[in-house]
Amino acid sequence: MLPAIVSLKTFVNCRLLKTPLHLVTYNSSMKRTRATSSAKKENKDDSNNDEVETKPKDSEQHLVVENLQDEKLSDMLEPSSEDVKISDQKQKSKLNLKSLKDRNKRSNQEELEPNTLPSKNKVRAVVDLKMMQAELKQLEDPPTTAWEKELCSNRLPYSFFDSPCEELAQNLLGKVLVRYLDNGTILKGRIVETESYLGTMDKASHTYKNKVTPRNMPMYMPPGTIYVYMTYGMYHCFNISSQGEGCAVLIRAVEPLEGMQYMSSQRTSKGTSSTSKKTQKNFKTHELCNGPSKLCMAFQLHKSHSKYSLCTWKGLWIEDGDIENIEIVKCRRIGIDNYGEEWTNKPLRYYIHGNKAVSKRNKDAELLLGLN
């Protein structure tokens, strides 16, 4: 409803301010309109603008709402001091737990460090030296009966094996290897061929660069310890530890002397006799123990016999051979062509010249010694 009297000035002000006429009353509304128009007029004079700038109430409310929203958003994005404290405590607890795990991991590694070595190809097996020593004591199976003691009374003592590897390998030539089976059978053979492996510095040795595994542990045991290992997944090789860290002598060939009827090329299982199995091949006498694998089959030696000592075990020992004036041939070892020229050509193989049980003669070495 329009007011009764509207002045020209009021009408003009309403047009300038875009105010509807029905909101202007005759008395109080006119006064408010005059005040607004006068204020706008002063602003116009100060800014020297010809246009009157006004801001509707809706825009003001919109700006207020935007400001409130921004404040709420900033409150949500900026965590409070209590939240910061809680997150710091959680982070510290995580760090403490991580440092504890790292410390435990380092301590475990330090405990296992003496028994393990880094490897690029595969992880080394963990070896407990104390457990191995305890196991070695359990493996001491000395003769108990009077007959057994008398049987092995000619056994070579510990002092014989406690010598450098190369020296022991040559001293073993001509000695007699004696095997006492569980059924009372006795086998004897003369050692005619050996090879020396010089331990941690020898590239062809199982203990090269201080390598320690459950398999090669006998090489670190006292001199005279038996080391039987499997090669190519089917053949066994018989070794004897010597003086020096990780050193051992490989017995390559034995000349049969006694119990030849019980020796065969049958493969044994865990050190027990396999007489029920068929013989793969019948060897001649000089071929019966010709080679490390044939020796283990003939004397029924298995990898389970590792860690026994030739100084105490009643099942195997070495006696003096009562043989003199033997010619020893020194030549390169067999089957180590992949370990570099230096170690391939070292004269670390020894055999008795002229013995038919030798696995392979080296004619070049014999020619240099003038034995041909």
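## Side-chain contacts: worked exercises

Glu 195 is buried, with a relative accessible area of 0%. The model used in these exercises is predicted.

**Exercise 1.** Find the salt-bridge partner of Glu 195 and state which parts of the chain the pair ties together.

Solution. Step 1: a salt bridge needs a side-chain nitrogen of Lys or Arg within 4 Å of a carboxyl oxygen of Asp or Glu. Step 2: Arg 252 meets this rule, with 3.7 Å from N to O. Step 3: Glu 195 belongs to strand β2 (residues 186-197) and Arg 252 to strand β5 (residues 248-258), so the bridge ties together parts 57 residues apart in sequence. Step 4: Arg 252 is also buried, at 11% relative accessibility.

**Exercise 2.** Classify Lys 314 and Glu 148 as buried, partly exposed or exposed, and describe their contact.

Solution. Step 1: the two side chains form a salt bridge, 3.7 Å from N to O. Step 2: Lys 314 is in the loop between α9 (292-298) and β6 (316-319), while Glu 148 is in helix α6 (residues 146-151), so the pair links parts that are 166 residues apart in sequence. Step 3: buried means under 20% relative accessible area. Glu 148, at 10%, is therefore buried. Lys 314, at 22%, is partly exposed.

**Exercise 3.** Count the aromatic pairs and classify the pair of Phe 160 and Phe 161.

Solution. Step 1: there are four aromatic pairs. Step 2: the rings of Phe 160 and Phe 161 lie 5.2 Å apart, centre to centre, with 85° between the planes. Step 3: planes over 60 degrees apart count as edge-to-face, so this pair is edge-to-face. Step 4: Phe 160 is buried at 17% relative accessible area, and Phe 161 is buried at 0%.

**Exercise 4.** Which charged side chains sit over the rings of Tyr 197 and Trp 343?

Solution. Step 1: over Tyr 197 sits the charged end of Arg 333, 4.6 Å from the ring centre. Step 2: over the face of Trp 343 lies Lys 346, at 5.1 Å from the ring centre.

Terms used
Residues are numbered from 1 along each chain as its sequence is written. This is a predicted model: local features need pLDDT of at least 70, side-chain atom pairs count only at pLDDT 80 or more; totals for chains, interfaces and linings use all residues. Side-chain values use heavy atoms; hydrogens and water are left out. Rings of Phe, Tyr and Trp (its six-membered ring) pair if their centres lie within 6.5 Å; planes under 30 degrees apart count as stacked, over 60 as edge-to-face and the rest as tilted. Buried means under 20% relative accessible area, exposed over 50%, partly exposed in between (1.4 Å probe, protein chains only). A charge sits over a ring if NZ of Lys or CZ of Arg is within 6 Å of the ring centre and within 35 degrees of the ring normal. Helices (H or I, at least four residues) and strands (E, at least two) are DSSP runs, numbered from the N terminus.
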